[in-house]
Amino acid sequence: MTAAPESSLQIDVFSIFPEAIDGFCSYGLLGKAREAGLVTVRVHDLRSQAGDPRRSVDDAPFGGGAGMVLLPGPIFDAVESCSPPRPLLLLGPAGRLFNQEMARELAEQAASGSGGFSLLCGRYEGVDQRVVDHLVDGEVSIGDYVLAGGEAAALAVIEAVTRLMPGVMGNDASLVEESFADGLLEYPQYTRPSVFRGWAVPDVLLSGDHGKVACWRRAQAIMRTIEVRPDLIEARGGLSPDEVRLIRQYGYAGDLPPQMQGP
Ligand code: ADE
């Protein structure tokens, strides 16, 4: 018999497309984590709680307007019939913006005893406000755009949190080095062949000099972040004098506005 994992993550998902959630969570890293008992994903079909033969889960909005609104009844019944792990988060475009910090918070809470969290996938034009006011603990958005429903967003949250759970990633060092771990994007990666269609891998990566490789990677991570996501540099309080020296040494000739330079 295999020993139970130290901390496991339980995620309950409420959706009208349960097969889509369950199917996605059966592949790759999530599938392996489920098999290993590191994560349990339970998917609840909101339609199973519908009160009519047509299994309706939505109706027209009071006051008029386009589209349909998810009924409160099936949602309250589905949640109350299984006491899912809290927090219960509604996926919707009006929520708190999901990011790596929130993924870490959810993973840490689960590892330190909350057990997990639950996700409610919104649909159509919205969810009856009484669900927001009296059932869920918060609302989460994965970006400033509107999806047809919360399922794709729920999958993004599930995958981002699961991979942070102890034991899920084979190599925990990749969690330390990856994008956002230090408020920076990740450095570029290369693999075989060393020359592909005439494009060669940077020499330093073939040099075997681990110190030089580390400096090059750090410089690349900083320069990439300056170019693509300068907001991340500002959010981490700018660059240190050593970091500025490093990227200059690696040929960065661009301007560095004051907000990109640390105190
Ligand atoms: N549902 C619709 N749009 C969404 C978004 N941006 N994030 C989360 N859930 C959503």
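A polar contact is a pair of N or O atoms within 3.5 Å; within protein, one must be able to donate a hydrogen and the other to accept it, and residues adjacent in sequence count only if both atoms are side-chain atoms. By that definition, a backbone N or O atom of Ile-142 lies 3.0 Å from a nitrogen atom of the ligand. The model is predicted: local features need pLDDT of at least 70 and side-chain atom pairs pLDDT 80 or more, while totals for chains, interfaces and linings use all residues. Numbering starts from 1 along each chain as its sequence is written, and side-chain values use heavy atoms, leaving out hydrogens and water.

**Ligand site**

- A backbone N or O atom of Gly-143 lies 3.1 Å from a ligand nitrogen atom, and one of Tyr-145 lies 2.8 Å from a ligand nitrogen atom.
- Of the 260 Å² of accessible area (Shrake-Rupley method, 1.4 Å probe) that the ligand has on its own, the protein covers 97%.
- The residues around the ligand (a heavy atom within 4 Å) include Leu-91, Gly-92, Pro-93, Val-140, Ser-141 and Gly-149.
- β5 (88–97) gives the largest share of this shell, three residues.

**Arg-123**

- Arg-123 sits in the loop between β6 (116–121) and β7 (126–127); strands are DSSP runs of E, at least two residues, and helices are runs of H or I, at least four, numbered from the N terminus.
- Arg-123 counts as buried because its relative accessibility is 16%; buried means under 20% relative accessible area, exposed over 50%, and partly exposed in between (1.4 Å probe, protein chains only).
- Its side chain makes a polar contact of 3.0 Å with the side chain of Glu-151.
- Not counting residues up to four places away in sequence, Arg-123 touches (heavy atoms within 4.5 Å) Ile-16, Phe-17, Leu-70, Ala-148, Gly-149 and Glu-151.

**Thr-162**

- Thr-162 lies in helix α6, residues 151–162.
- Its relative accessibility is 0%, so Thr-162 counts as buried.
- Beyond its neighbours within four places in sequence, Thr-162 is in contact with Leu-9, Ile-11, Leu-30, Ala-33, Val-39 and Val-168.

**Whole protein**

- The protein has 10 helices and 10 strands.
- Of its 263 residues, 40% count as buried.
- Among contacts with a separation of 6 or more, 73% join residues 24 or more positions apart.
- Along the principal axes, the C-alpha atoms fill a box of roughly 70 × 55 × 40 Å.
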